Structure formats: C-alpha cells, structure tokens
Amino acid sequence: MTLMKDCKNGILSDSVLSVAADEGVDPEKLCSFISKGWVTIPKNVNVRRNTKPVGIGKMMSTKINANIGTSRDYVHLEDEILKAQTAVRYGAGAIMDLSTGGDLEAIRSRILSEISVPVGTVPIYDAAATASVVVDMTSDDLFNAVRRHAKQGVDFVTVHAGINQNTVSKLMKSGRLTDVVSRGGSFTVAWMLHNVLENPFYQEFDYLLEIAREYDVTLSLGDGMRPGCIHDASDAPMYEEILVLGELVLRARAADVQTFVEGPGHVPIDQIQAIVSFMKQTCHNAPLYLLGPIVTDIAPGFDHITSAIGGAVAGASGVDFLCMVSPSEHLALPTADDIKTGMQVTKIAAHVTDLVKDGQRERAKIVDNQMAAARKNLDWETQYSLSIDPAHARAVRESRDSESGACSMCGDLCAMKIVEREMKKGSMKKGSKKI
C-alpha cells in the first residue's frame, strides 16, 4: 500500500493527520487531494526515519527545497552536513543531495541519518559514477541506482523521464544558446544521442513505477529541457517536455505513485504566469517545483535575489515548492553561509506566495498584521520574533540604536509616533467638547 492508495481508500494515515494539523486543513479534504495527486507527502516507507511529514501542493504552505552535495572538485562531507543543517534551521522543508564526488552511498547514509526533513536525490548521478563515461551507462545502471536510493530510504527522486526522441529532435532544431543546463538532463540527452536509443526512464516508465510503488518513493519529474538563459525560455523543447510530463503524471497516479513536476529555469518575468498556468493545466494540477525562475542572466553573485523575484511571481501564479538558489549559483559550490543567505530570501518569496494562496492567505496575513501592530507600538521584541531572521533583525537594529525608542532612521520624527500623538489629542478634544 502507498499513501496515495490509502487515500483512495479513505484511510487517514498518521502522515495525513500530522500534515492536516500543521496546515490547518481538514484531514479528509487533504486525503482527497492526495488521492487526486494534488498534494504530495514524500515519505519513504522502507526506512523509518524520524522525519516530520511535509505536505506540498494545493492549500499547503509554500515549501522550500535546498540543494546540497559534494562535487568531484570538493569532497568534504562535514561541510555538506553543515549546509543541510543550516538549510533546515532556516526553514527548508526538504533537502536534495546532489553529490557527484566521493562515496555517494556513504554520503546519502549520513545525510539521511542526520536530517529530519524529506530527502531527495538524482539517481542518474549515481548511475553515471558506475560508468567510465556517462554515455556508457546501461539501462540497468539507471534502474539499479533508483532502487538503491529507494532501499536506502530516500523520500523522493528526480528522474528526467520527460525527455524522449521527439524532445531531443526539437532541441536539435531549437537554436538554443545554452542547449541543456540540467545536469541530469544533459546525461540523458548525451546518452540518447551517443547510443541512438530511447530514454530508458521514458521507455520503461512502468518499471520505474514498480520501484517507486514498492518503497512509496515520490517521483519528482525533472525538467531536463529547462531553459538555461532568458533567450531559451518558452521554446519548443521546454513545452514538449511538459506535455510528456503531463502524460507521465496520469500514469503515475494510476499506479498509486505520488509525483510533483519540476519547472524552469531562466524565464523573463512576464512569461512566468503563462508557463505556470500551462504546467498546472497540462500536468493535471500536480504540485509544481521550480528553481527560481531566474529572471535575468546578468546577476552572478546575486542570483539568490533574481531567483526569489521569479519565485514570488511563480508562487502567486500557482507554484507550490521553491528550490532555494544561493549567491554562488553559476559561480561555485555554495558554502554554509551561501545556503543561509539563499534560504533567507527564498523564505521571503515563500511567504509572499502564501499571502495570496488559497488555504494559506488568512494564516499568512495574521503574521503580517501582528508585525504591523508591533511596528506601530514600537514593540521590538515582537518584531524580532515575527521576522524572517530574528537574529539578523536584532543585530541590525542594535548596531544603530536610537534613544527615542523608534528606529534610528527617524528617531523623534517617527511618523507613527507623531500621528498617534496627535490622534490621541484629537480624541481628547472631542471628548472634552461633549462634556
């Protein structure tokens, strides 16, 4: 039995009850959403980790994923554990291990043992490590990697099953500037071109579903054709892959396997809403998981900001799951400080989304209203407690404190103090006239 199968049978599992309580949603309604594939709770049943269930999708608060992992240039496991812990401390609802260097199984084992949120991986990275070169992977290598990760306890896996020969044909004719920027997507396309064969994850998708169903692993249907620059946004390869992903979503639901769908990428801000709407409709209201979108290509060192801008627009358009982007995106392997900064700005984008999201807007507005009241009352402790990063807010204020009790920008000229004082005087005058 999988969670989706349970929900189709009206069974309210502990995971459903826990998420319903956290999100303020009726458990039976949540169960209905899961049965339809509109909400996903990624949780592997094979390994009983002490993981708090996390709901992603319709009426759920917007979640954040943080990518960590070694590279072949830098294999420092303790650094990656620190990054994962930092991400969770600053609000990550999930962690993805994208390691490509070192003992990959040992790295996953350590992350799974120390992290309390759902953990995802990209099995094709592991499969590629078993071959002398990427194009020498076999179909068995791919599926064995998925099973290995599932058996180890991973909660969700990214598979680039939406790439097929038709998608690659459109890529070859597209005139893209950056071709394929998804690492897993590039492995898949290179393998297909070299071997002149269909993508195994697409051709043998039913076998992939068997593995996922056995361990109740959620499939994150990857966006191997996501645009890697503004020029390549909204082109034929991107849309062709989304159409295929929509078909795979239905096949997964029929097999009682949970999914969410990954999306672009680099996208101009005026195209985001149209892309998200198309994805939601084409993928049958599956939860959407986007990296960014990054809304300009000219901000290396600041792509956590370009991503948060795009993420807020995407979230307001219907995206459920945001992938954190760090300041080192496009430049280097991130540090723990980069992860912290990326989480801070992505958390803002997630809250901005919740302020306009069905099922969450009233809860989110309560926090903003509490902050407004605390600002009016110059209640600094409450302002700190409600802020995205309380320690940062406190440090900024205390570095330039004001004896007036207001912020040092205005001091005695605080707008709210001046108006409040005069409004009180006006009330007193009106009262005295009545007497």
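Select β4 and strand β5 (residues 119-121) to start: the two pair in the parallel sense over three bridges, where pairing means that DSSP finds at least two bridges between two strands. Strand and helix names follow DSSP runs numbered from the N terminus, helices being H or I with at least four residues and strands E with at least two. This is a predicted model, in which local features need pLDDT of at least 70 and side-chain atom pairs count only at pLDDT 80 or more, while totals for chains, interfaces and linings use all residues. Residues are numbered from 1 along each chain as its sequence is written, and side-chain values use heavy atoms, with hydrogens and water left out.

Now pick methionine 96, which stands opposite glycine 120 in β5. Right-handed here means that, with the strands pointing away from you, the path from the first strand over the helix to the second runs clockwise.

Stay on β4 (residues 94-97) and show its side chains. Ala94 and Met96 point one way, Ile95 and Asp97 the other way, and all are buried (under 20% relative accessible area, with a 1.4 Å probe and protein chains only). In a regular strand the side chains alternate between the two faces of the sheet.

Next, bring in β3, which pairs with β4 in the parallel sense over four bridges. Asparagine 65 has alanine 94 of β4 as its bridge partner. Follow the chain from β3 through helix α4 (residues 77-89) to β4 for another β-α-β crossover, which is right-handed.

Time for the pockets. On a 1 Å grid over the protein atoms alone, a pocket is an open set of points where a 1.4 Å probe fits, with protein on both sides within 12 Å along at least five of seven lines; lining residues have an atom within 4 Å of a point.

The second largest pocket has a volume of about 980 Å³, the space filled by probe spheres set on grid points joined across faces, edges and corners. Select Asn67, Leu98, Arg226, Leu291 and Glu329, the closest to its centre of the 42 lining residues. β9 gives the most to this lining, with three residues.

Which pocket holds about 1300 Å³ of space? That is the largest pocket; among its 43 lining residues, Lys347, His351, Asp354, Leu386 and Ile388 are closest to the centre. Finish on α15, which gives the most to the lining of the largest pocket, with seven residues.

Notes:
Buried < 20%, exposed > 50% of the residue type's maximum accessible area, 1.4 Å probe, protein only.
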